Amino acid sequence: MKTKFILQLLIIPLLMTGCLKDVDPSDSITTGTLTGTKEGLQQGLNGAYALFKDHVSFNGTVDGNNMYLRQYFQMSDFAGDDIVCGQTTTDPLFYSFSGDHTATQTNSRYFWYISYKIINDVNTVLESAEKIANPDESIKQLIGECYFLRAFCHFNLVRLYAKPYTHDPAAAGIILRTSVSDPGQKGRATVAEVYNAVVADAEKGASLMAQPRGVQFASKEAAWALLSRAYLYKDVNDSTIYYADKVISSGRFTLETAASFPTLFANALTGKETIFCVAFTAADDYGKAGSIASMLYSDGNSGWGEEYASQSLRDTMSAHMEDVRWSYIKPLKVGNVIQKKNGIDIYYISKFSFQGGSPTLSSPIMFRLAEMYLNKAEAMAKSNNTAGALAAVDMVRQNRGLENSLYNGVVPAGKTVLQTVLKERRIELAFEGHRNYDVYRNKQDLNRTYWGYHLPGLKESDINLSVNPANYANMITKWDNNRIIYYIPIDEIQTNKLCGQNP
C-alpha cells in the first residue's frame, strides 16, 4: 500500500521565518482509510466537497473569516467593478479592492491551501479507486466527480495566480498536482499546460459520470459547463459553443422565469437552472462572523455592511428598472432617502442570502444554465455570428422581465455585438465571480472611476456624488498590469524552491 503523499507546501514549518506559524498537514485521508470500497470512496469524496464550505485550521487557528468560497468570491468580485467598498479596512479583502497584494495576505494563502487540500483529497480517492476491479457505474460516477473537482480547483487557481490564457499561454501558471506521488518540490506549469490538464480532467470526468447524485455534486453536465467556460477563456469559440450546447440540450435544466429568478439563489438546490452548487445547510449558517452574505448584505445586524453594488453596475442596469435582476440589489432607505456609509450609497447585495429565510445562508451556484447561453453568445459574437449571439442573449433577457426589450437580431446603435454580449454577461452574472476575468481576458481595462474606498487616500469630505472622481490612482487598471493577479502565497514559495513568484 502506498504511503499517503502530503503536499510539501502544506506540511510547513516555515523554516525561513519566525513570524508565521506552522500550517497543519494536508488532511487525514489516506488510501488505507478509504479501503477501496464504494463507501470509502464516497466518504473521502464527500470530505473534499465539504472543504468548499468548512472552516479549517490554518496557521494555527480556525478563523471564521477563512472559508474557500468566501475567499473565492472576495478575491474575484472585489477586484472588479461590480462591488464598491464603503470604507478602508485591515481585513485582507481590502487587497482585492486596492490591488496592493502581498504574498502573506491571509485570504490568498488560505485559498491556495484549501484548493490543494481538495486536490490532494481527490487524488487520494483516485489512487484508492484504482484498486477496484471492474468498477460499476456508481463507482465510475464517484471517480468522475474526482476528476471534475481537480479540474475545477486547478482552473480557479490559474485564474487567480496566473496571466489570462489570452495574454500569454506560455506564461507561468500554477503547480499541477495530478497524483499523490507528485514530488513536493515542483515548478509551475505554463498557463497552457494547466488549461490542457483542466480540459483533460473535465473530459475524463464527463465520460465517467452517468449517475448524477444531485446538483450539490458534480455531473457530466457540470463537467461540460466547466469545459465551455475553460474554452471561452482560451478563445476557442467552436468548443465553447459545443459544450454549452451539450448542457443546454441535455434537458436537465431550464432558465428561470422572471417570476422565479428572484428566488433562484435562495433555493439553489432546487433551482431549475442550477447545474452545480455548494450545498450549505442550517448547520453551516456562519452568520455575521464568517458567511459569504455577511460581506455583502445586512438586515441591520446580520452583516458588516461594508460592500455594495457599485455605481458603475447600477448605471449599466439603469435603462431597465423592470429587469428582475434588480431584485438582488437592495438599497438601504429611510423613507425614500438612500442611506450612506462614509459618503457611499448603500446598495446591499442579496445573492448569498435568504436560504430558509436566513439573511446569511445560501448554497452558492458555481455553474448555471444562463451562463451557458452567454458563453455561447460571446463565442458566436467572436465568430461573426451576430444573429446567433443576439438570439442567445435574448433567451436570457426574455426570462428576466425584458420580453419587450429584445434585440431581435439588431445590434444597438453605437455598439458592437461583443459589447452587447459582455454587457448582458455583466448584468446576469454580477457578484458570481466572473466579471474580473471577463474584463481582463478580453484585454479590456477595468474602469473604476466612481466613488469608493478603492481610491487611495479618499476621505468622506472629498466625495461629491454629483460628479465623477478625478486624479486618484486605481481608477483605471490596464489589462496587462501585473496587479490583475495575486502573488503566489509565501508558504509555497518558502517550502517549494522550484516555484517562482509572480512579478
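Select tyrosine 297: at 11% relative accessibility, this residue counts as buried (buried means under 20% relative accessible area, exposed over 50%, partly exposed in between, with a 1.4 Å probe and protein chains only). The model is predicted, so local features need pLDDT of at least 70 and side-chain atom pairs count only at pLDDT 80 or more, while totals for chains, interfaces and linings use all residues. Residues are numbered from 1 along each chain as its sequence is written, and side-chain values use heavy atoms, with hydrogens and water left out.

**Aromatic pairs**

Rings of Phe, Tyr and Trp (its six-membered ring) pair if their centres lie within 6.5 Å; planes under 30 degrees apart count as stacked, over 60 as edge-to-face and the rest as tilted. By this rule there are 35 aromatic pairs.

Select phenylalanine 155 and tyrosine 195. Their ring centres are 5.8 Å apart and their planes stand at 85°, so the pair is edge-to-face. Phenylalanine 155 is in helix H7 (residues 137-161) and tyrosine 195 in helix H8 (residues 191-208), 40 residues apart. Helices (H or I, at least four residues) and strands (E, at least two) are DSSP runs, numbered from the N terminus. Both phenylalanine 155 and tyrosine 195 are buried.

Phenylalanine 354 counts as partly exposed, at 31% relative accessibility.

**Helices H8 and H9**

Next, show H8 with helix H9 (residues 220-234): the two pack at an angle of about 155°, their axes 8 Å apart. Axes are lines fitted to C-alpha atoms, for helices over the stretch in contact, and angles run from 0 to 180 degrees between N-to-C directions. H8 and H9 are therefore roughly antiparallel (angles under 35 degrees count as roughly parallel, over 145 as roughly antiparallel, 65 to 115 as roughly perpendicular and the rest as oblique). Among the residues that meet here are Tyr195 and Val199 in H8, and Trp224 and Tyr233 in H9.

**Isoleucine 485**

Finally, select isoleucine 485, in the loop between strand S12 (476-477) and helix H17 (490-495). Isoleucine 485 is buried, with a relative accessible area of 11%. Not counting residues up to four places away in sequence, isoleucine 485 touches His101, Leu160, Tyr161, Ala162, Lys163 and Asn502; contact means heavy atoms within 4.5 Å.
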